[in-house]
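This report describes one protein chain for a reader who is new to structural analysis. Please keep the sequence and the model in view while reading.

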Amino acid sequence: MTEANIHRIFPQSLVSQTAISFSTGDGRDVALIAELNDLLQLDHDAVGAYTLAIAALRDPGSRDRLIQFREDHERHIADLTALIQARDGVPINLPHFPTGLMKMMVQAGGSAGGLAGGDRSVLMAFVANETQARDKYRRHADAGHPSDVAAVLERGASDEEAHLEWAWDALDRLGIGRGTIPGNVTDAIAFVHGANADLIEAGGRLWLDFLARTLRTL
């Protein structure tokens, strides 16, 4: 279930087109503003899902760790907002629609399962959402950017990789990590969920990007 598999199904040009690109200036950096807004919305998606996961976890240590991770996403939001504003862009400080809601529903399902199954269900849902965040941040971080943007995206990508690695280690300790049947099911769900989210976000980005570019010519 690797990123390479995603791109065998969905072209890179489509997967990468996942943000709103409104610019208040003369159109300079429109594509970069769009890219940064996509990640900004991704972090808003994460903050909402993390809040559900934190409320549902029983283990105090796991709750504390997710609170720290949520603070990483809040820092990403502040950093991305500053980068967008520095380029005369309008930050889209909202979750993706409808995929932000989809991610909340995935985490809510895990939280409901946690009432019977404990932290395992909560963390399995967390992995499904965090896999997309890790893969998307890494794609953008590796794409080549001005130095100020590159530093922010590389730090964000490293954060996402650390978040996901912690979650898999936590599942390992609960006996359902990588290589187990539940772990393989979680990995498969994460792949499908991430690919669907990328595709839906791409469709929304293509329409809104077209609208923004059209309005600039009026």
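## Overall organisation

Among the contacts in the chain with a separation of 6 or more, 75% come from residues 24 or more positions apart, where contact means heavy atoms within 4.5 Å. The model is a predicted one, in which local features need pLDDT of at least 70 and side-chain atom pairs count only at pLDDT 80 or more, while totals for chains, interfaces and linings use all residues. Residues are numbered from 1 along each chain as its sequence is written, and side-chain values use heavy atoms, with hydrogens and water left out.

The chain contains eight helices and zero strands. Both kinds of element are DSSP runs numbered from the N terminus: helices are H or I runs of at least four residues, and strands are E runs of at least two. Of the 218 residues, 48% count as buried; buried means under 20% relative accessible area, exposed means over 50%, and partly exposed lies in between (1.4 Å probe, protein chains only). The chain exposes about 9800 Å², of which carbon and sulfur atoms supply 61%. Such areas come from the Shrake-Rupley method with a 1.4 Å probe, and for residues only the protein chains shown count as cover.

## Confidence

The predictor's confidence in each residue is its pLDDT, from 0 to 100. The chain has a mean pLDDT of 83, and 77% of its residues reach 70 or more. Over residues 1-26 the pLDDT stays under 50, and the model has 69 contacts beyond four places in sequence for this stretch. Where pLDDT is low, the predicted coordinates should not be read in detail.

## The nonpolar cores

A nonpolar core is a set of buried Ala, Val, Leu, Ile, Met, Phe, Trp, Tyr and Cys residues joined through side-chain atoms within 4.5 Å. Which residues touch the most other members of the largest nonpolar core? In this core of 18 residues, they are Leu66 and Trp166. Two or more residues each come from α3 (30-56), α4 (60-86), α6 and α7 (147-173). Helix α7 gives the most, with six residues. Beyond its neighbours within four places in sequence, Trp166 is in contact with Ser62, Arg65, Leu66, Phe69, Leu123 and Arg173. Another core lies apart from this one; it has 17 residues, including Leu36, Ile77, Ala133 and Ala141.

Helix α4 has 27 residues and reaches 39 Å from its first C-alpha to its last, close to the 39 Å expected at 1.5 Å a residue. The expected span is 1.5 Å times one less than the number of residues. Among the buried residues of α4 are Leu66, Phe69, His73, Ile77 and Leu80. An α-helix has 3.6 residues a turn, so residues three or four places apart point the same way. The buried residues of α4 pack against α3, α6 and α7.

The loop between α4 and α5 holds two local features. Most residues other than glycine have a negative phi, and most peptide bonds are trans. Asp88, in this loop, has a positive phi of about 60° although it is not a glycine. With a relative accessible area of 39%, Asp88 is partly exposed. Pro98 also lies in the loop between α4 and α5, and a cis peptide bond with omega of about 5° joins Phe97 and Pro98.

## Two buried threonines

Is Thr99 buried or exposed? Thr99, which lies in helix α5 (residues 99-117), has a relative accessible area of 1% and is therefore buried. Leaving aside neighbours within four places in sequence, Thr99 is in contact with Ala197, Ile200 and Glu201. Thr131, in helix α6 (residues 119-141), also counts as buried, at 10% relative accessibility. Beyond residues up to four places away in sequence, Thr131 touches Leu164 and Ala190.

## Aromatic pairs

Rings of Phe, Tyr and Trp (its six-membered ring) pair if their centres lie within 6.5 Å; planes under 30 degrees apart count as stacked, over 60 as edge-to-face and the rest as tilted. By this rule there are two aromatic pairs.

| Pair | Centre to centre | Angle between planes | Class |
|---|---|---|---|
| Tyr50 and Phe126 | 5.1 Å | 70° | edge-to-face |
| Phe69 and Trp166 | 5.7 Å | 80° | edge-to-face |

Tyr50 lies in α3 and Phe126 in α6, so their pair ties together parts that are 76 residues apart in sequence. Phe69 in α4 and Trp166 in α7 are 97 residues apart, and their pair links distant parts of the chain. Both Tyr50 and Phe126 are buried, and both Phe69 and Trp166 are buried.
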